[in-house]
Amino acid sequence: MTTSIKDVAQLAGVSVATVSRVLGNGPVSAALRAKVEAAVAQSGYRPNLSARRLRSQHTHTIGLIVSDIRNPFFTAVSRAVEDVAYQSGMRVILCNTDENPDKEAMYLRLMQEERVSGVIFAATRATAEALDVAGLGFPVVMIDRAGPSARCDAVLLDNRAAAAQLVEHLLGAGYRRIGGLFGNTSSTGAERHAGFVEAMAAAGLSAAARFVPPRWARFVAPSAEAARAEAAGWLREADAPEALIASNGLLLLGAVKAVREAGVAVPGQLALAGFDNDSWTELADPGMTVIEQPVDEIGRAAMEMLLERLQQPGRPLRKVVLAGRLVARGSSQARR
């Protein structure tokens, strides 16, 4: 038989209301709390979480909505979010959107139905720009991408500066015809492209760029395979770049596959650089030059910011912008 809250109250010798206050972390004496907790353990009682959500505005559950859980960046950020959530007594519902605004809308509705306390969200550019946080009924913290018009807390990388840093590194190594592969569904890709263009213009050079997926494609997540196909076609052209920057780890992986299939020597015939210090970038031969993002700090800061927002709903919006770190390896070795 299923144990009820009345059974716990009878076993503890207290009222049902007292058991409810203990389970809801309400005000009771230490002695009563110990008695009720002992009765819960003895009876094997499990509270009905669905019923509790209906009675309370605080579910101790947060939503984490990311664009592609296969991307090691989001895997690492998700782990950091979950670590802080667990330490704070919160549970995490993880959702994957594939950069699809329709799926984002569906999961936001799910978060409302689940009465989550808040959401950490890596949104597409279209959703980020149109998001009505006030109408959701819970606070939102944006991670990785937010856009200039976002009306919520955010934890971001300084994407323009990071892209410019890669350009300046390649220029310093003697490369001039530098191309870029950029994601086309988020504000992150747009900001990294802008930083790339600005740094090339400052050096008096044109900025050749390709987008993954192509700009005509709709609701298609950037992937290693799409980047491989785009890079392979580019390398066959007469004006192929002598150095190539990829705007995230999956696109960099696709570019490496294209280079190897084409038999192009790195860095002898083509220098490579990109974002995300994934494990494989160090093990590749040669190692890949990358911008390392502070993934653990991004996840932890986002969860801590959400907890602060829950405690102080009226405080001003905050945007935390973190710096990346250039990790120079053999793929961008100076030209002889």
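**Legends to the close-up views**

**View A.** A134 counts as exposed, because its relative accessibility is 76% (buried is under 20% relative accessible area, exposed over 50% and partly exposed in between, with a 1.4 Å probe and protein chains only). The model is predicted, so local features need pLDDT of at least 70 and side-chain atom pairs count only at pLDDT 80 or more, while totals for chains, interfaces and linings use all residues. Residues are numbered from 1 along each chain as its sequence is written, and side-chain values use heavy atoms, with hydrogens and water left out. A134 sits in the loop that runs between α7 (125-130) and β4 (140-143); helices (H or I, at least four residues) and strands (E, at least two) are DSSP runs numbered from the N terminus. H169 lies 35 residues away from A134 along the chain, and 43 Å separates the C-alpha atoms of the two residues.

**View B.** P286 lies in the loop between α12 (279-283) and β10 (289-292). P286 counts as buried because its relative accessibility is 18%. Apart from neighbours within four places in sequence, P286 is in contact with V266, P267, G330 and S331 (contact means heavy atoms within 4.5 Å). R329 is 43 residues from P286 along the chain, with 7.4 Å between their C-alpha atoms.

**View C.** Helix α1 (residues 5-12) packs with helix α2 (residues 16-23) at an angle of about 105°, and their axes are 8 Å apart. This angle makes α1 roughly perpendicular to α2 (under 35 degrees counts as roughly parallel, over 145 as roughly antiparallel, 65 to 115 as roughly perpendicular and the rest as oblique). From α1, the contact draws on I5, K6, V8 and A9; from α2, on V16, V19, S20 and L23. By class, six residues of the contact of α1 with α2 are nonpolar, one is polar and one is charged (Ala, Val, Leu, Ile, Met, Phe, Trp, Tyr, Cys and Pro are nonpolar, Asp, Glu, Lys and Arg charged, and the others, Gly among them, polar). Axes are lines fitted to C-alpha atoms, for helices over the stretch in contact, and angles run from 0 to 180 degrees between N-to-C directions.

**View D.** V8, A9 and A12 are the buried residues of α1. Seen down the axis of α1, these buried residues fall within an arc of 100°, so they line one face of the helix (the arc is that of the directions from the helix axis to the C-beta atoms). The cover over the buried residues of α1 includes α2 and α3 (30-43). K6 and Q10, on the other side of α1, are exposed.

**View E.** T18 is a residue of helix α2. T18 is buried, because its relative accessible area is 8%. Residues up to four places away in sequence not counted, T18 touches V28, L32 and V36.

**View F.** Helix α8 (residues 159-172) and helix α9 (residues 187-202) cross at roughly 45°, and their axes come within 7 Å. The two helices, α8 and α9, are therefore oblique to each other. Their contact is made by N159, R160, A163, A164 and V167 of α8, together with T188, E191, R192, A194, G195, F196, E198, A199 and M200 of α9. In the contact of α8 with α9, seven residues are nonpolar, three polar and four charged.
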